Amino acid sequence: MRPSTWHRLDHLQPVLVGMLAALGGMTLYSAHADWGRQALWVVLGAGAYAAASAFDYRRLRALAPGLYVTMLLLLVAVHLVGRTALGARRWLSVAGFPLEPSELSKLMIVLVLAGYLARHEKLSWRTFAGALLLVVPPACLILTQPDLGTAMVFVAVLLGMLFLGGARVSQLGLLAAAGAVAVPLLPHLLHGYQRRRLEIFLDPNQDPLGAGYNLLQARIAVGAGGLFGQGWLHGLQGQLGFVPERATDFVFAIFAEEFGLLGSLVLLALFGALLIRLLRSAAVAPDRFGELVAGGVLAMLAVQVVENVGMNIGLLPIAGIPLPLISYGGSATITTLAALGLVQSVMLRRRLVVHQDRLQYGDAAAPVAGVVRLQP
């Protein structure tokens with residue numbers, strides 16, 4: 001690795017990712033998940049991370065239209081030939097392995113929106129409407145799988161990238177008003193089990209052995225962890241199988257039971273540090289496309305962490321969103337690591353400038369007196 005490449009690298013980001021993946025592996029082992037298979041996903045994801053870091057992200061800008069068409073074709077294929085499990089049709093079988101296109105679509109929509117918004121210096125109403133029209137078709141296809149959680153991630157990515165793209169207050173206010181209008185319509189738009197989730201969120205004790213069982217058991221597990229936790233592999237709620245979906249949606253409850261409040265705060269601090277690194281990457285990106293890619297990945301991960309932890313402790317309705325790098329799942333793990341690798345690619349393409357005996361980074365287009373510039 002050339003010295004200039006080494007100095008551009010965000011050294012802390014892969015460290016944080018490795019620590020989160022390690023904690024995820026420990027939690028999944030305790031949750032009796034297929035730990036070996038998850039290890040394989042992490043290894044493949046690490047390869048995707050390295051490949052995405054080495055790849056020049058700027059080439060993806062021209063590929064955005066093709067990515068959009070591919071995303072729509074994959075989501076349509078799920079409806080036509082997808083595999084159904086737990087009442088949802090979300091998976092395709094590829095060489096014997098399950099592929100969840102909605103997980104890949106999270107990263108694809110980030111790249112598509114970044115490519116679209118980067119072409120416009122100012123976010124006019126026409127550009128604003130175009131961004132909405134790009135998001136609506138894939139979000140509707142995902143919503144009908146049904147997968148409300150991933151559709152919510154699409155909305156969060158759209159809002160985050162519009163904000164970074166320079167959306168006006170009136171434009172964001174219009175989206176907020178549309179959301180407020182849609183709230184009374186939710187009972188007519190959601191599936192029956194999704195309406196039931198909202199009712200249970202307000203009062204889980206109305207059906208403690210039925211629809212409210214998952215939420216109540218998760219809250220019991222989190223509370224049983226106390227301050228210091230019951231110890232790794234010693235959480236009774238998790239070990240005895242009382243917590244449902246303990247390797248995916250409710251993996252945080254397993255972690256909190258075994259590592260307690262202090263361990264949970266450490267986990268959230270690691271996520272917070274990772275999100276701050278992504279924010280920094282967006283701030284120092286060498287171009288608008290890179291800024292939007294880093295910002296979109298930041299929004300994608302932030303909403304998943306907030307929603308997953310929130311639904312595990314009963315602060316948010318259950319939406320079926322995995323906890324990044326912690327929950328079991330090949331498509332989610334590989335997509336998350338590839339997305340983080342792309343942000344690293346943005347960092348690696350910063351221009352390196354040398355000022356006397358100090359190394360600095362900056363926009364090569366901006367003249368800086370007394371600075372010797374090196375091409376990346």
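Select R8 to start. R8 is buried, at 1% relative accessible area (buried means under 20%, exposed over 50%, partly exposed in between, with a 1.4 Å probe and protein chains only). R8 sits in helix α1, residues 3–8. Helices here are DSSP runs of H or I with at least four residues, strands are runs of E with at least two, and both are numbered from the N terminus. The C-alpha atoms of R8 and V346 are 9.6 Å apart, although 338 residues separate the two along the chain.

A note on the model: it is predicted, so local features need pLDDT of at least 70 and side-chain atom pairs count only at pLDDT 80 or more, while totals for chains, interfaces and linings use all residues. Residues are numbered from 1 along each chain as its sequence is written, and side-chain values use heavy atoms, leaving out hydrogens and water.

**Whole chain**

Zoom out. The chain has 15 helices and six strands. Its C-alpha atoms fill a box of roughly 70 × 45 × 45 Å along the principal axes. The radius of gyration is 21 Å, which agrees with the value near 21 Å for a compact globule of 376 residues (taken over C-alpha atoms; the globule rule is 2.2 Å times the number of residues to the power 0.38). Of the 376 residues, 48% count as buried. Among contacts between residues at least 6 apart in sequence, 70% join residues at least 24 apart. Contact means heavy atoms within 4.5 Å.

**Helices α2 and α15**

Two packed helices are described by the angle between their axes and the distance between the axes. Select α2, residues 12–30, with α15. Their axes come within 11 Å and cross at roughly 165°. Axes are lines fitted to C-alpha atoms, for helices over the stretch in contact, and angles run from 0 to 180 degrees between N-to-C directions. α2 is therefore roughly antiparallel to α15 (over 145 degrees; under 35 is roughly parallel, 65 to 115 roughly perpendicular, the rest oblique). Show Q13, P14 and V17 of α2 against L337, L340, V343 and Q344 of α15. This contact of α2 with α15 has five nonpolar, two polar and no charged residues. Ala, Val, Leu, Ile, Met, Phe, Trp, Tyr, Cys and Pro count as nonpolar, Asp, Glu, Lys and Arg as charged, and the others, Gly among them, as polar.

**Helices α13 and α14**

Next, select residues 251–283 (α13) and 288–312 (α14). They pack at about 165°, with axes 10 Å apart. α13 and α14 are thus roughly antiparallel to each other. Their crossing is left-handed. Contact residues include F252, L268 and F271 in α13, and L298, L301 and V305 in α14. By class, the contact of α13 with α14 has 16 nonpolar, four polar and one charged residues.

**Backbone stops**

Most residues other than glycine have a negative phi, and most peptide bonds are trans. Which residues does a cis peptide bond join? Pick Q145 and P146, where omega is about 0°. P146 is in the loop between α6 (125–143) and α7 (148–164).

Go to L233, in the loop between α11 (213–225) and α12 (236–239). Phi of L233 is positive, about 75°. L233 is partly exposed, at 32% relative accessible area.

Finish at L325, in the loop between α14 and α15 (330–348). Phi of L325 is positive too, near 70°. Is L325 buried or exposed? L325 counts as buried, at 9% relative accessibility.

Key
A crossing is left-handed if the near helix is turned anticlockwise from the far one by less than a right angle, and right-handed if clockwise.
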